[in-house]
Amino acid sequence: MKTGHVIYIMLLLLLMSCGRENDFDATGTFEATEITVSGQEQGTIVYINADEGSKVRRGDTIALIDTMLLHHTKEQLVQTMQSIRKNIPDIETQLQPLREQTAKQNSEKERTRRMLADNAATQKQMDDMTSAAAILESELAAKESALVKSRDALTAQAASIAAQIAQTEERIARSVITAPADGTILARYIEAGELCTPGRAIYKEADMGNIYLRAYVTSGQLSQISIGDEVTVSAEYGGDKRREYTGRITWVSDKSEFTPKSIQTKTDRENMVYAIKIAVPNDGYIKIGMYGEVKFTGKTR
């Protein structure tokens, strides 16, 4: 449990034990969903536009890491890819002359066989034709095998280079830091010219348009509320200044955040408190950390 939450719960229990009459049912502080955006690549920050308090839209370019070396790497890989592709053999084109020569030799062998049957050729001529045809077929098979192996090896190299190009392009894309969501920049952690490393925080943003109040209720109050209930939320601005908003309960903890070591009486059981979250549309006046009060209305949307 966070230290701030512990302190707040202790104060709540103190007020309860003193029997103070309040016109509210629960109190808490306003929070927002915060997102800390970190770098994914290493390099020098060459551009950053993350002024604290400024609003950003999802997809806005916030910062840019130097990608010069990555672009050079990609260019070299592309040239290597082009060279490999030029060397991939066209198997059919290269085998065509030898195929034609082999087909012609087989045709001559068949003609000699017919002549031998008619006693117009000798057995030696037939043997010579058969041997020549066999040699050409062997050369054709050997050359085809060599070309297939060369093609497959070069194709595998090309696939490997293509994967490296895709990886480099992904690294270039990750060097452009964009806003993951609409929000307001709360803090900036790096400046142009500084070295960014993977995991280093660049800035933090929060959706200030949809803020919520984290409050605490006793176990006895759980029967009065449920998720979806409308409640009245008052935001304090110091002194007697306050504004009221209509909020909606979006979450109720199923575990108590303060439990005495031994619960002996009903009063002790009442001292167990549960966290709740109340969504509140922000008109621009509510700030993170401000104090708020809640009045249960019993209405459900």
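Here are some quick questions and answers on how terms apply to this predicted model.

Residues are numbered from 1 along each chain as its sequence is written. Local features need pLDDT of at least 70, side-chain atom pairs count only at pLDDT 80 or more, and totals for chains, interfaces and linings use all residues, while side-chain values use heavy atoms, without hydrogens and water.

Q: Why are α3 and α4 called roughly antiparallel to each other?
A: Helix α3 (residues 91–117) and helix α4 (residues 123–174) pack at an angle of about 165°, with axes 9 Å apart. Angles over 145 degrees count as roughly antiparallel, so α3 and α4 get that label.

Q: Which residue classes make up the contact of α3 with α4?
A: That contact divides into twelve nonpolar, nine polar and nine charged residues. Asp, Glu, Lys and Arg count as charged, Ala, Val, Leu, Ile, Met, Phe, Trp, Tyr, Cys and Pro as nonpolar, and the others, Gly among them, as polar.

Q: Why do β6 and β8 stand at the edges?
A: The open sheet of four strands runs β6-β5-β3-β8, with antiparallel pairing. β6 (176–178) and β8 (195–196) each have a single partner strand, so one side of each lacks a neighbour in the sheet.

Notes: Axes are lines fitted to C-alpha atoms, for helices over the stretch in contact, and angles run from 0 to 180 degrees between N-to-C directions. Helices (H or I, at least four residues) and strands (E, at least two) are DSSP runs, numbered from the N terminus. Angles under 35 degrees count as roughly parallel, over 145 as roughly antiparallel, 65 to 115 as roughly perpendicular and the rest as oblique. Two strands pair if DSSP finds at least two bridges between them.
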